[in-house]
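This report covers a sheet and a ligand site. The sequence and structure come first.

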Amino acid sequence: MLRITLPLQKQVTPVPTISRVAIIGGGFTGATIARLLALHGQYWPHEIVIFEPRADLGGGLAYDTNDPSLRLNVAAHRMRAVPGDPQAFLRWLSNSGRLGRDPGAMANGAIYARRADFAAFMAGQIQPFIDDGIVRHVRERAERICRRHGRWQIEGDGGAALQADVVVIATGHPPPTPPGELASHLSVDHRFMPDPSRPEALSAIRRDDKVLVVGAGLTALDALGALRARGHRAEITLVSRTGYLPQPQAAGDFAPHGDFLIGVPNTALSLLERVRFALREVTEAGLPWQSVFEALRHQGQAIWRALPLLEQRRVLRHLRRRFEAHRYRMPPQIAELVERDRIAGRLKTCAGRIVAVRPGRAEIAIDIATKPHGTVERHAAQWVIVATGPDHGNVIGSQSCLAELESLGLLTKDPRGLGIACDHDSRALARDGYPVEDLFVAGPLARGAFGELTGVPEIAAQAERIAQQILAMSVATTRTITIRSM
Ligand SMILES: Cc1cc2nc3c(=O)[nH]c(=O)nc-3n(C[C@H](O)[C@H](O)[C@H](O)COP(=O)(O)OP(=O)(O)OC[C@H]3O[C@@H](n4cnc5c(N)ncnc54)[C@H](O)[C@@H]3O)c2cc1C
């Protein structure tokens, strides 16, 4: 007998369609987003997965180091790493006893903690969620990301493969690209260090070896600090296009000065005039010039947004180097070292362009056409270190998974050369110019859209917005599904 049962319509509990979020990169940015999603509780028993080859989450390239000479560039009370609890890191430093074990942390009336301590703090923030199984750490580098059956397919370099509904790209800082002359003459020379991000590499340098560092920003000063902490005492020369060194942090605490949002400047020139005006005001009032750069930092995203693309490019072309030297300042411990080394004649700076490189048996000779007249100076050193900073213009080319997304038309370069193009909701912009709803760009890679997005407080704020958007997507797309029972 044939029995036919008519289908019954039955409503079941809403099922969020966002059941898995994959975060590529587990530095400060990726770990913060994962933690904020996990805190919400919605992802149990679903998954938040972080692809990150490093053993611990939260440190990333910026803080994952055991080198005690490497300190935060920003005072601990200004790190504001945890949304909703800005003093969490400062509190943890004293409660964990780490501050007591670091007598060199206090300088200029503030605490400049070791980067390794910040990494330990961040790892502690995320660890409970890993222990609970809410966040899963896949210790692999994501190599492939593509679309499959309407979801994302992510594959790691160690064989992991999984599907996700949302992908967040938080791969952070790409490696530097060495100047062409250096790359062509020294690429296979063991005395050439194209990326000093692991200071252990510096241990091959002997105390009396002369060193030439290409770059004069914070990365170059990291190399200086790490070498001197190892007892290195020979001459170090920093070569850069402008010769500007990062400026020092101001002593004590101060409030930001300047309101750039009233009649917000819409050209590079008017922005420069407003900054100069504010600088004159603080000089007359006896306040530190750093207070103007703090105001620029706080208002940076709104200022950037008000500038048309052409003017943003002008800012980058004409003002970037000077701005960065004042905005990304060195901690007092490094400022003291720079001063001491300069007086002792062990630290030199040179502004110019490398025009010739001749590797010899004992030394590498480097000719530099110096500014302003182009006079060629010859420098000789036993080691050459590239510290030109991350090459954000080449971020897509530096990662196979990003290059694949670009080839699929789902990702594009930022038109200002600052990383990956995204909209103001941090969604990646596809080749056709439309945002990809379920692909987010987080951290410094999204700087083109936001302008100010390098320091911890700004990244933490962006991470919070991205987490809220992902959570809202789950709610917005929640469907009451109908199942048919037979
Ligand atoms: C040396 C240094 C010092 C800094 N100091 C300060 C400071 O004192 N204060 C401050 O406010 N800001 C500082 N910054 C600024 C920094 O941009 C931010 O604070 C923040 O740490 C950036 O975090 P991130 O996770 O986006 O990037 P990163 O720190 O670069 O981390 C990115 C992570 O992604 C991983 N990754 C990359 N590609 C893949 C892939 N394909 N698959 C899986 N994982 C991948 C990497 O292994 C890395 O761990 C510093 C930056 C640097 C480089």
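Which residue in β17 does Val 211 stand opposite? Val 211 faces Trp 383. The model is a predicted one.

## Sheet

The strands β12 (residues 211-214) and β17 (residues 383-386) run parallel and are joined by four bridges. Both belong to an open sheet of seven strands with mixed pairing, in the order β11-β17-β12-β13-β14-β15-β16. The edges are formed by β11 (192-193) and β16 (376-381); each has a single partner strand, so one side of each is left without a neighbour in the sheet.

## Helix across the sheet

Helix α6 (residues 218-229) lies across four of these strands, namely β12, β13 (236-240), β14 (347-359) and β17. Relative to β13, α6 runs at about 175°.

## Ligand site

There are 34 residues around the ligand, and those that come nearest are Thr 29, Glu 52, Tyr 63, His 173 and Gln 399. By class, the shell holds 16 nonpolar, twelve polar and six charged residues. At least two shell residues come from each of the helices α1 (28-40), α2 (60-63) and α13 (456-476). The most are given by α2, which supplies four.

An N or O atom in the side chain of Thr 29 is 2.6 Å from a ligand oxygen, and for the side chain of His 173 the distance is 2.7 Å. At Ala 62, a polar backbone atom lies 3.2 Å from an oxygen atom of the ligand. On its own the ligand has 990 Å² of accessible area, of which the protein covers 91%.

Technical notes: Residues numbered from 1 in each chain as written. Predicted model: local features only at pLDDT ≥ 70, side-chain atom pairs only at ≥ 80, totals over all residues. Heavy atoms only, no water. Pairing = 2+ DSSP bridges. Contact = heavy atoms within 4.5 Å. Axes fitted to C-alpha atoms, helices over the stretch in contact; angles between N-to-C directions. Near = heavy atom within 4 Å. Polar contact = N/O pair within 3.5 Å; in protein donor to acceptor, adjacent residues only side chain to side chain. Areas by Shrake-Rupley, 256 points an atom, 1.4 Å probe, with all protein chains shown as cover. Nonpolar A, V, L, I, M, F, W, Y, C, P; charged D, E, K, R; others polar.
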